Amino acid sequence: MTEKARPKKKKRVISPKRREQNRREFLRTSALTVGIVSASLLGFIPIANGSSVRLRPPAAIKGRLYGHEFFAACIKCGQCVQVCPVNAIHLGDIDDGFGVGVPFIDAREQACDFSCDGLQCVLACPTGALTHHLDFPADARMGFARLARPKACLAVQGKGFKGQARGPAFKGILRYAEIDRWNPVPVADHPYDLEICDLCVRQCPIEQRIIECAEQDRQAANSDKLARVAQRIGNECPPKHAITLEPIESADGVKRMKPVIQEGCVGCGVCEMICPVESAAIVVDLDKNADSLGG
Amino acid sequence: MRRNYVVESLRQIFGGKPSRPTKDQVPEVLRAIYQGKRGNFTKADLEAAHIEHKRTFGNKWQIRRWATLIFINLLFVISYHFDVQLVEGALTASRVVGFHMADLNSALQVTLAYKEVVLNLVIGTTTVFVLWLLLGGRTFCSWVCPYHLIAEWAEYLHLWLVKKKIVKNHVFNRKVRGVFWLVFALLALVTGYTVFETISPTGIVSRALIYGPGLALIWVGLLLLFEVFYSRRAWCRYACPIGVTYGVVGLFSPVRVKYNAEACHHEGDCRKVCLVPHVLDVTIRGAAFDVDQDVVADCTRCGMCVDVCPTSSLTYEIKGLGKFL
């Protein structure tokens, strides 16, 4: 029926003015499409030139290309930002391109010190961009620390350290088990007086955990042995060493030490934050981690 | 002859022209209504009706809507800054008193880019889907999206400039919004990045409110300038894929705006205030298929037409529950 009706239908006459309007609308619409799609694709520039490479929260998934799958899986909601007890996590701005709204950590300003113990950011993540396969801090593979400027390191120079690690104006906070096991306090409120500087080792959350485990073991040995076994399974207690201070040979008789990064390093960045030298003698490399080094 | 609500909605969401009845398709009763109104209203009558309506009705729905939109977005801000944990996260994904919610379009982008779905995201997406299925799909746009509100203010500026003949409105082909939806879905799938999120003003503004302003707001500013000086409500009308996603959800929603032709003067005030005026084509004399017609799903249920209609020919309805206004 429609086939019969079609030839009868009069062809609509379009006035030249209307045709011109249509033509312009088509051109405008094409320009809008190209404009908006290109604008969105500009987000690839920071990815391509590597400026979007940053320290990510613990357990950020890693793909074939660095950061690629993490950017994809992250829904850019910032729930990880909200739960972090030390406010270490920030969201990327538009100069991170496709990384806009994706969480990162600026370790020198405020590192992740695992104050939360339970990896709150991982629990908060709604999409699994922070993978739930992680059970405890020692499992994290955020990066790997490196003594980037050994000559600047106070321990290597054989020097001690006295005063506030990062000066009085530094806003970063850290958990000091000896002050308060549960609440982090400002680094500026906690001056040191050290014969030889060992801040990166002393404040390393993994090293602190090892001390804590030893303490627990000691207490448990005095009471209930079954409890000790249960805890070991649940917490991987103690974890492997992350950083140690080792003596180095010196001809001049000065006692010199060197921080040596061990296979237990998770790349949290506390050593980078606490390092009293400007700029930090020890930094976290983002393209390495304990697993990639081992294998 | 009735039009199919779902088919007609889909056609208009993807940019098609609203279908019009042929002369024979207009039912007898509707033709009688049109006839009865001929010459019965003077301009003075209309003016009086307008004044009376404005006095008694005001901007009832606009006030309610703005209050709701501001309240919801404030909940996010307050929850974070005062650590009350009512609504954690941002509009892209959140936890409402511990329960997962995920914006449908953001979830779609993430799923296409990452190609893997975790349970929490399924829970969040389903919850939000059911929520907007009940509340009307694009209701999200006008009642929740923070960019919508800012764009609404920019629209007033645009309309004022148009009135002063300083700027001219340029229209685009509405089909392009469907193209954007498809392009951004494909880009997510192919590149593995959530490309649309980079420029989505909804996400950018929501995060800026909660986590503090950033450079990304420059992009939002550019969009607003474009809307003020070049094209009225361009982002929402022609570009935003979020609107398409929620529009499709709205196909099956019971919350709609209903048009009744009986008292309508066909003077077109509703189409002038509407963000998506094509959905109100039915209010044109001779364009309705029936005396009562539901406005199609591309409607954002903002209620501007309900506010402005002097004869209450446009009202909210919940299908199956009767009128609630």
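Two residues are taken to be in contact if their C-beta atoms, placed from the backbone, lie within 7 Å. By this criterion, in the predicted model, 35 residues of chain A are in contact with 45 residues of chain B. On the chain A side, at least two residues each are supplied by α2 (16-41), α4 (68-73) and α5 (79-83). The greatest contribution to this side comes from α2(A), which gives 11 residues. By class, the residues of chain A that touch chain B comprise 17 nonpolar, 12 polar and 6 charged.

Chain A contains 11 helices and 10 strands. Of its 295 residues, 39% count as buried. Among the contacts in chain A with a separation of 6 or more, 70% are accounted for by residues 24 or more positions apart. A local feature of the backbone of this chain is the cis peptide bond that joins Glu278(A) and Ser279(A), with omega about -15°. Ser279(A) is placed in the loop between α10 (270-274) and β10 (282-285) of chain A. In general, most peptide bonds are trans.

Chain B is divided into two parts, domain 1 (5-40 + 254-323) and domain 2 (70-248). The centres of domain 1 and domain 2 of chain B, taken over C-alpha atoms, are separated by 27 Å. Their contact draws 12 residues from domain 1 of chain B and 18 residues from domain 2 of chain B. The side of domain 1 of chain B that touches domain 2 of chain B is made up of 8 nonpolar, 2 polar and 2 charged residues.

The largest nonpolar core holds 158 residues, of which Cys121(A) and Cys305(B) touch the most other members. Because domain 1 (5-40 + 254-323) and domain 2 (70-248) of chain B both give residues to this core, it lies between them. When residues up to four places away in sequence are not counted, Cys305(B) touches Val257(B), Cys270(B), Val273(B), Cys274(B), Leu280(B) and Leu314(B). In soluble globular proteins, nonpolar side chains tend to be buried together.

Helix packing in chain B is illustrated by α5 (residues 104-114) and α14 (residues 241-250), whose axes are 9 Å apart and form an angle of about 110°. Since angles of 65 to 115 degrees count as roughly perpendicular, α5(B) and α14(B) are therefore roughly perpendicular to each other. From α5(B), the residues Leu104(B), Asn105(B) and Leu108(B) meet Pro241(B), Ile242(B), Thr245(B), Tyr246(B) and Val249(B) of α14(B). This contact of α5(B) with α14(B) has 6 nonpolar and 2 polar residues, and no charged residues.

Two further positions in chain B were examined for their surroundings. Met101(B) is located in strand β3 (residues 99-102) of chain B. A residue is buried if 20 or more other C-beta atoms lie within 10 Å of its own; with 23 C-beta neighbours inside 10 Å, Met101(B) therefore counts as buried. Not counting residues up to four places away in sequence, Met101(B) touches Ala93(B), Ser94(B), Val96(B), Gly124(B), Thr127(B) and Val128(B). Between Met101(B) and Ala90(B), 11 residues apart in sequence, the C-alpha to C-alpha distance is 9.9 Å. Ser200(B) occupies the loop between α10 (195-199) and α11 (201-211) of chain B. Ser200(B) is likewise buried, because 31 other C-beta atoms lie within 10 Å. Along the chain, Ser200(B) and Ser106(B) are 94 residues apart, while their C-alpha atoms are separated by 9.7 Å.

Most residues other than glycine have a negative phi. Asp83(B), in contrast, has a positive phi, near 50°. Asp83(B) belongs to the loop between α4 (60-81) and β1 (87-90) of chain B. A residue with 12 or fewer such neighbours is exposed, and Asp83(B), with 9 C-beta neighbours inside 10 Å, therefore counts as exposed. Lys165(B) has a phi near 60°, a positive value in a residue other than glycine. This lysine, Lys165(B), lies in the loop between α8 (146-163) and α9 (175-191) of chain B. Because Lys165(B) has 7 C-beta neighbours inside 10 Å, Lys165(B) also counts as exposed.

Methods:
Residues numbered from 1 in each chain as written. Chains lettered and ligands numbered in written order. Predicted model: local features only at pLDDT ≥ 70, side-chain atom pairs only at ≥ 80, totals over all residues. Helix = DSSP H or I, 4+ residues; strand = E, 2+ residues; numbered from the N terminus. Nonpolar A, V, L, I, M, F, W, Y, C, P; charged D, E, K, R; others polar. Domains from an automatic or database assignment. Axes fitted to C-alpha atoms, helices over the stretch in contact; angles between N-to-C directions. Parallel < 35°, antiparallel > 145°, perpendicular 65-115°, else oblique. Core = buried A, V, L, I, M, F, W, Y, C linked by C-beta atoms within 7 Å.
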